Structure formats: structure tokens, C-alpha cells
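This report is meant for a reader meeting the structure for the first time. Please look over the sequence and the model before reading on.

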Amino acid sequence: MPRPARFRPTLSRRARLGAATVATLVAGTAVFGIGQATAEHSVPRTDKEIPNLTQVQDKIKAYYGDTVTADGEHYASPRSNYAHQVRGIEAKARTYLSKALAQHGRTGKQIKPAIVLDIDDTTLLTYNYELQVGFHYTEESQDKYLAHTDMDPVFGMERLVNWAHDKGAEVFFLTGRKEAQRAWSTRNLKNVGYGVPLDRRHVYLKDKEHPPAYLPCGATCTTIEYKSGTRKYIESLGYNIVANFGDQYSDLRGGAGDRTFKMPNPMYYLP
């Protein structure tokens with residue numbers, strides 16, 4: 001039986017698998033690995049220092065357990081190494097949150113515990129979109145996909161998020177998706193099982209046309225400035241962010257959060 005259609009994110013400065021990304025695959029190490037890509041990588045001296053793009057794509061598909069349906073759609077397998085790695089991270093997060101939320105409850109303070117999560121490849125899996133566009137992101141293709149399709153949840157994340165909310169954590173989503181994609185994004189989160197508040201007070205998207213006053217950098221914020229500045233704003237509302245989840249290092253840097261959890265994503269890199 002064909003799977004239902006699915007969905008993709010927003011992040012304006014994505015470095016993608018494609019012509020623009022090849023230059024970042026240097027020193028024999030793909031930017032897509034679990035390590036961190038940096039701007040300091042030197043220019044390759046020979047082709048031998050550049051991983052073969054086709055082979056990198058094949059490895060990504062194998063890691064996600066690429067499954068193709070009768071209608072030609074690609075999905076990640078729940079038995080894949082990716083799914084196994086994600087579940088390991090979630091298990092560590094649940095153990096940590098059990099203690100952190102219990103301790104928070106014993107303090108009797110008015111500050112409420114919270115968790116902050118990115119959307120793309122942290123709570124919603126973009127794999128089907130990536131395969132549809134051949135790892136070549138454009139704003140146009142993303143809008144078309146998101147308008148009509150729901151992405152699967154990252155394996156197990158909806159259960160972790162709902163559990164944390166039931167244990168007393170306020171849940172905030174903080175994404176680089178643009179404000180115009182709000183309705184599509186919240187629809188998708190709701191449809192795949194995130195049973196937490198999804199109003200404007202709990203879902204933060206990037207609004208370059210009307211940036212919030214709490215971001216001094218305004219429309220020119222880097223990813224780190226936008227995300228850390230928003231987390232600081234959330235804490236100013238009376239919350240303590242006990243955990244911050246993201247698939248990019250730029251999701252996690254800049255402070256405002258007791259502990260970070262890095263989700264795997266070898267498909268693209270966002271500085």
C-alpha cells in the first residue's frame with residue numbers, strides 16, 4: 001500500500017548535497033558525518049581529498065535504511081542504523097529528563113521547566129523530501145512539499161516529547177522555517193502525534209519581515225544568534241530550559257539551556 005505523502009523544512013542558508021556542497025567535502029571527510037563541518041577546511045589539493053558524491057549519497061541511503069514504496073517514494077526504515085542511533089539518544093534524554101524534572105519539582109520554585117526542540121530532523125524527518133529533490137533544497141520545492149505533505153516524526157521523538165510534557169515540561173519548538181510556513185508546520189506536528197500546545201507562544205519560526213524586538217540582530221541574525229536569542233527570551237518568560245534538542249550544532253550553541261542533545265543528520269549542514 002502506498003505511503004501517504006510527506007513534508008520538508010525551512011532554513012535559508014542550507015549547505016546541501018549538490019554542486020554547492022561538493023566544495024565542503026574536503027580532507028577526506030564528508031560534511032554530512034556525525035563530526036562538525038567548519039569553515040576552516042582547506043581547499044582540496046587533488047580529487048583524492050574529496051569523497052565521491054555518489055558514494056556519499058549511497059552511504060546516506062544505507063544509513064537511513066532507504067525503503068522505496070510502489071509509487072517511488074523513499075522512506076527511512078525503523079530498523080535502520082539511523083533509527084537505532086536516534087533511539088539511543090532518546091533513551092539518554094529520557095533518563096536525564098526523569099531526574100531533571102523530578103528535581104525541578106522538588107525545588108518549589110515558580111520557574112517552570114521547559115524543553116526546546118528544532119523541527120527539521122529533530123522532531124520531523126525530512127528524508128522523503130530530500131530524496132524527492134535529490135538533496136537539492138530550494139525554497140520553492142520546500143514550500144510545495146510542506147503545503148501538501150506531512151513528514152514522518154523522527155523515530156520515537158513524539159513519544160519522548162509527549163512524555164516530557166506529561167511530566168511537567170513546557171514544550172517549545174524553535175525552527176529556522178519561515179513564518180509563512182507556520183500553518184503547514186503545526187499541522188504536520190499535530191498530524192503525526194505531537195500532543196502538545198502548538199500556538200504562537202510555543203512554536204517559534206523565523207520572521208525576517210517582522211523580527212521580534214527581543215532579537216537585537218533583527219533580520220540579519222545568524223542561526224546561532226536567532227536560536228540562542230529566542231531561548232533566552234523563553235527563559236525571560238519564567239522558564240528554565242532543562243534540555244535543548246537539535247540536529248545542527250548551530251541549534252545548540254549560544255547558551256540558554258542546561259543540557260543539549262545532538263540528533264544525527266548527515267544530509268545537510270547549517271552554520
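The sections below cover the basis of the model, a sheet, a helix and the nonpolar cores.

## Basis

This is a predicted model, in which local features need pLDDT of at least 70 and side-chain atom pairs count only at pLDDT 80 or more, while totals for chains, interfaces and linings use all residues. Residues are numbered from 1 along each chain as its sequence is written, and side-chain values use heavy atoms, with hydrogens and water left out.

Helices (H or I, at least four residues) and strands (E, at least two) are DSSP runs, numbered from the N terminus.

## The sheet

An open sheet is built from five strands in the order E6-E5-E4-E7-E8, with parallel pairing; two strands pair if DSSP finds at least two bridges between them. Strand E6 (203-206) and strand E8 (260-262) are at the edges and have a single partner strand each, so one side of each lacks a neighbour in the sheet. On average, neighbouring strands of this sheet are turned by 20° against each other, direction ignored. Axes are lines fitted to C-alpha atoms, for helices over the stretch in contact, and angles run from 0 to 180 degrees between N-to-C directions.

Strand E4 (residues 112-117) and strand E7 (residues 239-246) run parallel and are joined by six bridges. Lys 112 stands opposite Tyr 239 in E7. Helix H8 (residues 223-236) packs on the sheet and touches E4, E5, E6 and E7, and its direction makes about 150° with that of E5. Contact means heavy atoms within 4.5 Å.

## Helix H2

Helix H2 (residues 53-64) has twelve residues, which at 1.5 Å a residue should span 16 Å; its end C-alpha atoms are 17 Å apart, which agrees. The expected span is 1.5 Å times one less than the number of residues.

Val 56, Ile 60, Tyr 63 and Tyr 64 of H2 are buried (under 20% relative accessible area; exposed is over 50% and partly exposed in between, with a 1.4 Å probe and protein chains only). Exposed Gln 55 and Ala 62 are on the face of H2 turned away from its buried side. H3 and helix H4 (127-132) are among what covers the buried residues of H2.

## Nonpolar cores

A nonpolar core is a set of buried Ala, Val, Leu, Ile, Met, Phe, Trp, Tyr and Cys residues joined through side-chain atoms within 4.5 Å. The largest has 52 residues, of which Tyr 64, Leu 97, Ile 115, Met 157, Phe 173 and Phe 245 touch the most other members. Helix H3 (residues 81-107) gives the largest share of this core, nine residues. Apart from this core lies another, of eleven residues, including Cys 221, Ile 234, Tyr 239 and Ile 241.
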